[in-house]
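Reader: Hello! I am new to this structure and would like to learn how to read it. Could you walk me through it?

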Amino acid sequence: MSLNTFGHLFRVTTWGESHGPAIGCTVDGCPPGIPLTEADIQPWLDKRKPGQNKFTTQRKEPDEVRILSGVFEGRTTGTAIQLMIENTDQRSKDYGDIAQAFRPGHADITYHQKYGHRDYRGGGRSSARETAARVAAGGVARATLAALVPGLTITGYMVQMGARGIDRSRVDLASIGNNPFWCPDPVAATDWADYLDQLRLSHNSVGAVIEVIATGVPAGLGAPLYGKLDSDLASAMMSINAVKAVEIGDGMAAAALTGVENADEIRMGPNGPEFLSNRAGGILGGISTGQPVVCRFAVKPTSSILTPRQTINQRGEEIDLITKGRHDPCVGIRAVPVGEAMMACILLDHLMLDRAQTGSQRGTIG
Ligand SMILES: Cc1cc2nc3c(=O)[nH]c(=O)nc-3n(C[C@H](O)[C@H](O)[C@H](O)COP(=O)(O)O)c2cc1C
């Protein structure tokens, strides 16, 4: 299987399967001299790791990252950085039933149709275990951004579970870490806990919407026309398992607006241009405006559930399938740090592209 790489100058190639000995990634193109140790990457992996509460899969993985290359005496050398995370808690027997059958809503059927031979254990390469490697790469990107663009922040949170959205008037970004859902609305988080408990106990699952916002992004990242910051962001978010839609700024809602409502009006502030709103999500013409970059993505409900669903097996027989194993009842929860990691990798990639093409040259205003 090819096409395991994303990024133009900051290039990430992930490898590994859910029940193989390890997973990881090669990060190529990271600038030299960036302070980097495992301790810079581990906190992001800890945020994503399974088994932390009853609302995520009970697979217990320490997800300890090891840097195998590209760092010497605590700083990057500019050569390929190899990151490895061992798999320690595989339970492959749970997946015997899907060796010859296809979970509805999962990738078993398409992997079989395309490749004819698949690692069915834990979903193999289609398992979201792969997203740990993205989060590790995101840790490298964050450390690099911290050195190159001090003050840039990236924050992800869940804004909707099933049909239950947050109340934006109650949003408190400081409260995100106080509940198991990375939810910025404490009232919604309490409601979601009861709701997800009921769903989990009734052998069901539910979808979610995640928002990722980056502040302190310099104006000028991204390029017309085939290297737009928003098209690369959309591609990166869409590549996350279970993602079915991506929005930038007002996204789909922009279609319902008039031109008068949609205009992000511009005034001249003491330090340069200031926008009066940010419906564009911080990107115009594929290029960052200096406003927060705002991206949302929708994830579908977990397909592996204990309620029997109709499907077929490899012999073409119609069967009912219950999916055993340890699964996330709402994959949106652990998708939050994955979305943050993808945002970090794409922003760094575009920062490097911008430096390569324009250096410090900028158009002046005022
Ligand atoms: C963080 C995360 C955790 C996931 N956990 C599970 C899981 O426990 N069980 C499952 O069936 N799918 C899970 N998924 C979704 C599957 O990996 C995904 O549905 C599958 O690869 C098929 O791809 P698609 O949904 O993008 O078409 C998870 C996704 C993410 C982002």
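Reader: Let me begin with the open sheet of five strands: what is the order of its strands, and is the pairing parallel or antiparallel?

Author: Good place to start, and please keep in mind that this is a predicted model. In general, the strands of a sheet pair through backbone hydrogen bonds, in either a parallel or an antiparallel way. Here the five strands of the open sheet run in the order β9-β8-β10-β16-β11, and their pairing is antiparallel. β9 (164-165) and β11 (243-248) each have a single partner strand and stand at the edges, so one side of each is left without a neighbour in the sheet.

Reader: Over how many bridges do β8 and β9 pair?

Author: Strand β8, residues 153-161, pairs with β9 over two bridges, in the antiparallel sense.

Reader: How many residues lie between β12 and β13 in their hairpin?

Author: There are two residues between β12 and β13 in that hairpin. Strand β12 covers residues 266-269 and strand β13 covers residues 272-275, and they pair over four bridges in the antiparallel sense. Look for G269, which stands opposite G272 in β13.

Reader: Now a single residue. Where does P184 lie, and is P184 buried or exposed?

Author: P184 lies in the loop between β9 and α4 (186-201). To judge burial, we look at relative accessible area, and a residue counts as buried under 20%. P184 has a relative accessible area of 0%, so P184 is buried.

Reader: Which residues is P184 in contact with, leaving aside its neighbours within four places in sequence?

Author: Its contacts beyond those neighbours include Y157, M158, I166, R170 and V171, and also D172, L173, S175 and I176.

Reader: Stepping back, how many helices and strands does the protein chain have?

Author: The protein chain has seven helices and 18 strands. Its radius of gyration is 21 Å, close to the 21 Å that the globule rule gives for 366 residues, so the chain is as compact as a globular protein of that length. Along its principal axes, the C-alpha trace spans about 70 × 50 × 35 Å.

Reader: What percentage of the residues in the protein chain is buried?

Author: Buried residues make up 48% of the 366 residues. Among contacts with a separation of 6 or more, 70% join residues 24 or more positions apart.

Notes:
Residues numbered from 1 in each chain as written. Predicted model: local features only at pLDDT ≥ 70, side-chain atom pairs only at ≥ 80, totals over all residues. Heavy atoms only, no water. Rg over C-alpha atoms; globule rule 2.2 N^0.38 Å. Buried < 20%, exposed > 50% of the residue type's maximum accessible area, 1.4 Å probe, protein only. Contact = heavy atoms within 4.5 Å. Pairing = 2+ DSSP bridges.
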